[in-house]
Amino acid sequence: DKLHASGRKTPTFDPNAEYTFEFFQHLLSFDEFALDFGMPIGKHPLCRILNGQPLKFMAAHQFQESNRNGKAVDEELRWLWSFDLWHESLYEDAKSHDRA
């Protein structure tokens, strides 16, 4: 990938870039495979939302190419890693979609 191919010996940080991170593990109950919003909303099973699909975890780098004026002319989302998390509660829905 272009980040590695640049040949930099050390990681760099660009103060002009925008870095965003989202972590929702405090809302996720892996034992019950549900979102737990606490009271008064409560828990909501993810199998109802995911429709037989796994829960995806991913990280990506958004690469932008700019013209001479600094205006972004091309934007690309490059995956750093991605994996799917399956739970037994998804199995029946996944099977029914596989038959379709």
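Trainee: Let me start with one residue. Is Lys 95 buried, partly exposed or exposed?
Mentor: Lys 95 is partly exposed, because its relative accessible area is 29%. Keep in mind that this is a predicted model.

Trainee: Okay. Which side chain does Lys 95 meet in a salt bridge?
Mentor: That would be Glu 92, with 3.8 Å from N to O.

Trainee: How many salt bridges does the structure hold?
Mentor: Three. Another of them brings together the side chains of Lys 43 and Glu 32, at 2.5 Å from N to O. Lys 43 sits in strand E3 (residues 43-45), while Glu 32 is in the loop between strand E1 (28-29) and strand E2 (34-36), so this pair links parts that are eleven residues apart in sequence.

Trainee: Why do charged side chains pair up at all?
Mentor: Side chains with opposite charges can pair when their charged atoms come close.

Trainee: How accessible are Lys 43 and Glu 32?
Mentor: Lys 43 has 41% relative accessibility, so it counts as partly exposed. Glu 32 is partly exposed too, at 45%.

Trainee: Which residue forms a salt bridge with Lys 56?
Mentor: Asp 84 does, and the closest N and O atoms are 3.0 Å apart. Lys 56 belongs to strand E4 (residues 55-66) and Asp 84 to strand E5, so the bridge ties together parts 28 residues apart in sequence. Lys 56 comes out as partly exposed because its relative accessibility is 44%. For Asp 84 the value is 38%, so that residue is partly exposed as well.

Trainee: Let me zoom out. How many helices and strands does the chain have?
Mentor: Three helices and five strands. Following the sequence, the pattern goes α-β-β-β-α-β-β-α.

Trainee: Which strands make up the open sheet?
Mentor: The order is E1-E2-E3, three strands with antiparallel pairing. E1 and E3 are the edge strands, each pairing on one side only.

Trainee: How many bridges join E1 to E2?
Mentor: Two, and those strands run antiparallel. If you want a spot to look at, find Ser 29, which is opposite Ala 34 in E2.

Trainee: Found it. What holds strands of a sheet together in general?
Mentor: Backbone hydrogen bonds pair them, in either a parallel or an antiparallel way.

Trainee: New topic: His 87. Where is it?
Mentor: Look in the loop between strand E5 (72-85) and helix H3 (91-99).

Trainee: Buried or exposed, that His 87?
Mentor: Buried, because its relative accessibility is 19% and the cut-off for buried is under 20%.

Trainee: What does His 87 touch?
Mentor: Leaving out residues up to four places away in sequence, His 87 touches Phe 30, Asp 31 and Phe 33. The His 87 side chain also has a polar contact of 2.9 Å with the side chain of Ser 89.

Trainee: And Tyr 91, where does that one sit?
Mentor: In helix H3. Tyr 91 is partly exposed, as its relative accessible area is 49%. Its C-alpha atom is 9.6 Å from that of Pro 54, a residue 37 places away along the chain.

Trainee: Which residues form the nonpolar patch on the surface?
Mentor: Tyr 19, Phe 21 and Phe 23, with about 400 Å² of accessible area together. Phe 23 is in the loop between helix H1 (2-5) and E1. With a relative accessible area of 58%, Phe 23 counts as exposed.

Trainee: What about the whole chain, how much of it counts as buried?
Mentor: Of its 100 residues, 17%. The chain exposes about 8,800 Å², and carbon and sulfur atoms supply 54% of that area.

Trainee: Last one: what share of the contacts joins residues at least 24 apart?
Mentor: It's 41%, taken among contacts between residues at least 6 apart in sequence.

How values were computed: Residues numbered from 1 in each chain as written. Predicted model: local features only at pLDDT ≥ 70, side-chain atom pairs only at ≥ 80, totals over all residues. Heavy atoms only, no water. Helix = DSSP H or I, 4+ residues; strand = E, 2+ residues; numbered from the N terminus. Buried < 20%, exposed > 50% of the residue type's maximum accessible area, 1.4 Å probe, protein only. Polar contact = N/O pair within 3.5 Å; in protein donor to acceptor, adjacent residues only side chain to side chain. Contact = heavy atoms within 4.5 Å. Salt bridge = Lys/Arg side-chain N within 4 Å of Asp/Glu carboxyl O. Patch = residues over 30% accessible without salt bridge, like charges linked within 9 Å, V, L, I, M, F, W, Y side chains within 5 Å. Areas by Shrake-Rupley, 256 points an atom, 1.4 Å probe, with all protein chains shown as cover. Pairing = 2+ DSSP bridges.
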